[in-house]
Amino acid sequence: MNDNFWTWLNKYPGVNSLAKLNILKDKYLNNNIKYIHITGTNGKGSVARYLHAVLSQNLNLKVGLFTSPHILVINERIIINNQMISDQDFLRIKTLILDDVNKYQLGFFAILTLIALIYFQEQKVSWAVIEVGIGGLFDATNIIKSDYAVLTSLAKDHSEILGNNLLLILNQKLGIIKPTTKKFFVSGNIKESLKQIIANQIKTEIYFSKKIINQGYILENQTLTLLIINTLFPNLDNKAIWETINQTEVLLRFQMIKIFNRTIYFDVAHNVAGVNALIKILKLNKIAIDQIIFSALKVKQPNLLIEKLSSNLTSNIIVCENHHHLSIIGEKFDLDKMILNVKENSTILVTGSCYFAALVYQEILLKEKDI
């Protein structure tokens, strides 16, 4: 996507604008798409990508996918059958909605949500997998009337918006369930006390996935995906499902690359639950980390995250700033100093803010092209 579009989009700060979107939905949208709406503290992006892959590849359906944030280009957020929306379609739909964007002062995320939903409708997708931005109840994506809802995990995050305890956060996330929602799928690793609250509060048919013990968050997300597919499409072969899931790459989610004679792991663990899960999966796989390159936002308890990483993995941590306005103070990332000057055959972990991990990932790819 060209820089002019990005500059224009960033003129509209704000995250949700659900109330404003609801004014516009009858103008731009209809209800001829089956929606799977996914919320959760961590894991929702991975489950969304797994579902999109299985629905489009194993069932030959035309499937839309809306996720956030993006890693390399903003077009990644809006996909149909593994093809990103084109720059031309992005700009065309921008022109279509521009008067209403200005009239109602829609926020950044609401604009992207509206563009995605219009695009999916225009392209006549039969299913769309929609990842919540923050929470659920007041999120811009809650403009949809979902057929199926998913809760991947629950932990404290975005407390300034969602509340400072798990019950408040849960109530926000349960807000995606509508009268139209036929089934609700929940990770088996949610606390038992919260499962009981969900069972008592939700009238929609509920399915809890198998609890995964001592295996790591990747298998938790994959098991939840399998439950959803098995329930909605019981005749689909499990072996084929697993093959598709295992072949689906989820960028910066425990992603390993071998480059410059070094092994680099990327993981966008940006909250306490995410860092705990990352530490667990590294230890389960007996992966020793020689150096950590870390960045985070000020609101994410960065000192606690650094303490957990240093006490469990290595004290060799470089703390960096990122380009978000809420970035912690730190060094500017330097590829030569922080990666290329590390001894060969080292294992490096890049983690924390998605904004930062994406920056490092892009710089590595650019450097690789130059060599």
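Predicted model: local features only at pLDDT ≥ 70, side-chain atom pairs only at ≥ 80, totals over all residues.

Colleague: What holds paired strands together in general?

Modeller: Backbone hydrogen bonds pair the strands of a sheet, in either a parallel or an antiparallel sense. Here, take strand 11 (residues 291-295) with strand 12: the pairing is parallel, over three bridges.

Colleague: Let us turn to strand 1. How many of the six residues of strand 1 are buried?

Modeller: Five of the six residues in strand 1 (residues 34-39) are buried, so the rest of the structure largely encloses this strand.

Colleague: Which strands pair with strand 1?

Modeller: Strand 5 (residues 127-131) runs parallel to strand 1 and is joined to it by five bridges. Strand 6 (residues 148-151) also pairs with strand 1 in the parallel sense, over four bridges. Y35 stands opposite A128 in strand 5. I38 stands opposite V150 in strand 6.

Colleague: And what about side chains along a strand?

Modeller: In a regular strand, side chains alternate between the sheet's two faces.

Colleague: Now helix packing. At what angle do helix 3 and helix 10 pack?

Modeller: Helix 3 (residues 44-57) packs on helix 10 (residues 238-247) at an angle of about 130°, and their axes are 9 Å apart. An angle over 145 degrees would count as roughly antiparallel, so helix 3 is oblique to helix 10. Their crossing is right-handed.

Colleague: Which residues of helix 3 and helix 10 meet?

Modeller: From helix 3, the residues are Y50, A53, V54 and Q57; they meet I241, T244 and I245 of helix 10. In this contact five residues are nonpolar, two are polar and none is charged.

Colleague: How do the axes of helix 7 and helix 8 cross?

Modeller: The axes of helix 7 (residues 166-173) and helix 8 (residues 192-201) cross at roughly 40° and come within 11 Å. Angles under 35 degrees count as roughly parallel, so helix 7 is oblique to helix 8. This crossing is right-handed. L166, L167, L170 and N171 in helix 7 meet L194, I197, I198 and Q201 in helix 8. The contact has six nonpolar residues, two polar and no charged.

Colleague: Last, a single residue. Is Q121 buried or exposed?

Modeller: Buried means under 20% relative accessible area. Q121 has 19%, so it is buried. Q121 sits in helix 5 (residues 108-122).

Colleague: What is Q121 in contact with, leaving aside its neighbours within four places in sequence?

Modeller: The contacts of Q121 beyond those neighbours are Y28, L29, N30 and I33. Compare K20: it is 101 residues from Q121 along the chain, and their C-alpha atoms are separated by 20 Å.

Terms used:
Residues numbered from 1 in each chain as written. Heavy atoms only, no water. Helix = DSSP H or I, 4+ residues; strand = E, 2+ residues; numbered from the N terminus. Buried < 20%, exposed > 50% of the residue type's maximum accessible area, 1.4 Å probe, protein only. Contact = heavy atoms within 4.5 Å. Axes fitted to C-alpha atoms, helices over the stretch in contact; angles between N-to-C directions. Parallel < 35°, antiparallel > 145°, perpendicular 65-115°, else oblique. Left-handed = near helix turned anticlockwise from the far one by under 90°. Nonpolar A, V, L, I, M, F, W, Y, C, P; charged D, E, K, R; others polar. Pairing = 2+ DSSP bridges.
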